[in-house]
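Biologist: Could you walk me through this model and tell me what stands behind the terms you use?

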Amino acid sequence: MTIVDMGHGGARSATAGAPALEVDDLNVVYTVRGIDREVLRGVSFTVAPGEAFGLVGESGCGKSTTAYAALRYLPRNGKIVSGSVRVGGRDVTAMSDAALQEFRAREASMVYQDPAQAMNPTLRVGKQVVEAFTVLGHSAPDAAKLALEALRKVRIADPERVMDRYPFQLSGGMQQRVVIAMALACHPKLLVLDEPTTGLDATVEAEVLDLVRVLRQETDAAVLMIAHNLGIIRSLCDRVGVMYAGKIVEQGPSAEVFDSPQHPYTVGLLRSLPRHGVRKTERSLATIPGILPLIGAHLPTCVFVDRCPLADDKCRTEVPPVVALEGDPNRFSRCHHVDRIADIPEPEPGVPITVLSPSADQPGVLELSHISKTFRQRNHAVPALVDVELELGEGETLGIVGESGSGKSTLARAMLGIDAADAGGVLALNGTQVPPSTTERSADDKRALQMVFQNPDSALNRSWSVRRILARSVTKLTGVKGAAANKRVEALAAHLRLTPRHLDLKPRQLSGGLKQRVAIARAFAGDPRIVVCDEPTSALDVSVQAAILNLLADLQSAERTSYVFITHDMGVVRYLADRIAVLYLGRIQEIGPTNEVFNGPNHPYTEALLSAIPSVDGEEKTRIRLEGEIPSPANPPSGCVFHPRCPRAMPGVCDTTEPQLVEVAAGHSMRCHIPFDELGRLQGVPLPTPNDD
Amino acid sequence: MLVTLWLLATIVFLLVSVLPGNVGRKVLGPFAPEAEVQRYNQAIGTDRPLLQQYFTSIRRAFTLDFGKSYGTREDVRDMVLDALGRSGKLALLAFVLTIPISIVAGIIAARRQDKITDRVIVNAGLASSSIPEFVTASVLLSIFAVQLGWGKAFANPPDNAGPIEQLQYLVLPATAMAIAYFGYIARMTRAGVITALHADYTRTATMKGLSKRQVMVRHVLRNALAPTITVISVQIGYLFGGIIGVEKVFNYAGLGSLMLGAVGAHDVPVLQGAVMLVGMIYMVSTLLADLLIAYLNPRIRLGATK
């Protein structure tokens, strides 16, 4: 281990020749209320031609600012105060407006989050793609030809038809392909990908990432990629920089950084992710205490010192050196205590949770039988849920997964009675049937079944204090009023690790994690038996997510609450759920114990969902990719609803007869014509024997 | 649309039938013999039961035949259309003056957001739309027509006036109206452009390497102008019928003056005709605005199914 002076040079690329992107000691401020506040504090890195460099870190750490500064597209109040950004040897920070325009047209491109917004909604796709070529000086007919070619290159099968459409007529995956096609129009030297798959479904995300992988081999553009999903970065980027409070605190080859992190922040970030199939009862997730410093905070020494488990006096008085690490010449960590990384305490062991599985003489806390939900749309029946059968034991967590449009949220709303299920089904709490609609349910039934929503911002009354929000729920759910209610609110808050100070704040004064804590406290106000959680952590950073997941596990351990946990994050569901139900087009395709669902053999749809996730652990998976989009529930395909997208569909069977949900192993059911052992053979999974784990 | 028209006709009927007073007495004056008054009421039908009058009035509204004026015995349709022609000229001129200027001002303000230019435009707009138009009209009249003698104090051009001469008569009242609308339109445009400038697609266009001008013309404006168009269309009806103050100040015989006179004279057919016409202009301009917005926004045109 050597300590090197990085000075102004920054990390030099090992690759011969000039780097395609060279960011050197970049300092950026945002002017907020007349004061310049530091956002980037001396960011340096280089990306060689053909190399992909990832930036990771939680929101607010400066990764997007770095990317936008590299293309000099900062917000109005943003300003580069010092440092340089060189692309192909030319300093972007010193360019005139005309040169900058030329630079953006010919040398740099960007692909953004949310492709639906990234295209002009009022212009045809063709016009927008053609424009990317006319700006390079091509004549209109040439540009049109090149545009068609570009769309073919991003694997759009019918480019003429796509050119003629408007952006809103395309699916999310298709929109992102078009944006990528525009970005590649000029054969850029630098391609910036800013969360290119966030908000897309897992299977679509996998398609887009595959496309990026293939295209990377065809160009020698340097790729700068931002993603909060570490798995994506690992699967796509050669090297990665971990950012915290406007500084790169650790850098190196992706696999090395993710497998043996050498900065306390990286360690915390990685340990807060549910990984390696660990479950809540085995180990709790690591959290990073405290919160990210605000932009412009005064951080004279180590930026991470206030939250670091290794921090000592040296860390508070001396700027940490850039410590070069063994292995890659570009690997470094900015830490005084790289040699003590192993001393960071492991997360605590998990909490014991007793699950009372439903049995013949012990009814489940929640039972759904023949639950369907049909919406009416212009005299057209849209079946959003079809014949759902579920039961939930006390203290059990049932994960519900599926792509958007699969009916996950409809199922949650039907359970709660927000959208009453169709007549004919039975919904029972503790063995007693309850009415389908909330308005007809008794106060006790309402209290027993509560919900936590994805977005606490819209779930909490923003003009009320936390105390008032919780007191209202206590009164509404339990009938307790006045001082007694207030006492209950304080007990509840303490239980949820909210301090009394938080009680007198309004939601907007709280961070995202605290807001979600209040939303959970609200659901727990009346001692619910079942809490339905609809993507409760998908808007949160991973370390905050870890705290919320730990909290949910603790509450479950103490209160023996059952959860229905809706998520698209397979890592989270594996950590938290005892059983998993996979939904497609409103039908349960597979349901079974978590381990069996993850180990397989699986329903082909589950197989596709599982193989779509890029893992931060870098595990290789057999890939199956789904073609096309989820069909409209108003017009479901014949036979098995999954057959048009199923890579294993058997013509003549799957397209004519809908398979039944059949128990293939104890507690594990599937809706597939292919026999279980045949699926195991196809998927290369040995069949579980009764003695196997 | 027909339902709206029917509702409008009904409301107009209800309003005029609650106007106090005997129509015949009002028209013929306090000294006319009672028998005369009764004969007059019989002739124009105001002695018939209310329901019957209502049906007559609805039929008239839909056939655009409002009968004859109580006062002058002229055909109401001719009177109203004449007035409409004059109001139309004035409104058109006001539009030609105000729309380009206020849209351009709005765009400039948006591009220079929070800078001095923006502040000046926003505040000028605020001032212009908060001063009542008859005040602006009076000020313009006294400064330009009376003191400087540049324009005409009476807006009614002589019957044989050519286009240029007519313009000279109309320019002052049109300016007063234009000033009243400048603020609305400029501020609406500014807000629309600022929203579009911050949109992701604008970022995409900039990153493509388009010039600022290309970004503005091809990507920003088309998305930014929808709210402005809505505001303008709502103002059209108002501009035709509502600028009574300006017409009064310049003594212009447009729709506003006609309506004002008809209310005073209890001249129900004229009032009915004028109000129905203004209502129709209102409907047509709103319809045109919706069509224009649909043309600019394919999502509306093609139905947002996705």
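Biologist: What makes you say that α23(A) lies across strands, and which ones?

Modeller: Helix α23 (residues 604-611) of chain A lies across β16 (397-401), β22 (579-584) and β23 (587-593) of chain A, at about 105 degrees to β22(A). Axes are lines fitted to C-alpha atoms, for helices over the stretch in contact, and angles run from 0 to 180 degrees between N-to-C directions. Helices (H or I, at least four residues) and strands (E, at least two) are DSSP runs, numbered from the N terminus. This is a predicted model, where local features need pLDDT of at least 70 and side-chain atom pairs count only at pLDDT 80 or more, while totals for chains, interfaces and linings use all residues. Residues are numbered from 1 along each chain as its sequence is written, with chains lettered from A and ligands numbered from 1 in the order written.

Biologist: How do you know that β19(A) and β20(A) pair?

Modeller: Pairing needs at least two bridges found by DSSP between two strands. β19(A) and β20 (residues 530-534) of chain A have four, in the parallel sense, so they pair. In β20(A), A:C533 is the bridge partner of A:V452.

Biologist: Why are β19(A) and β24(A) called edge strands?

Modeller: The open sheet has eight strands with mixed pairing, ordered β19-β20-β21-β16-β22-β23-β25-β24 in chain A. β19 (449-452) and β24 (662-665) of chain A each have a single partner strand, so one side of each lacks a neighbour in the sheet.

Conventions:
Two residues are in contact if their C-beta atoms, placed from the backbone, lie within 7 Å.
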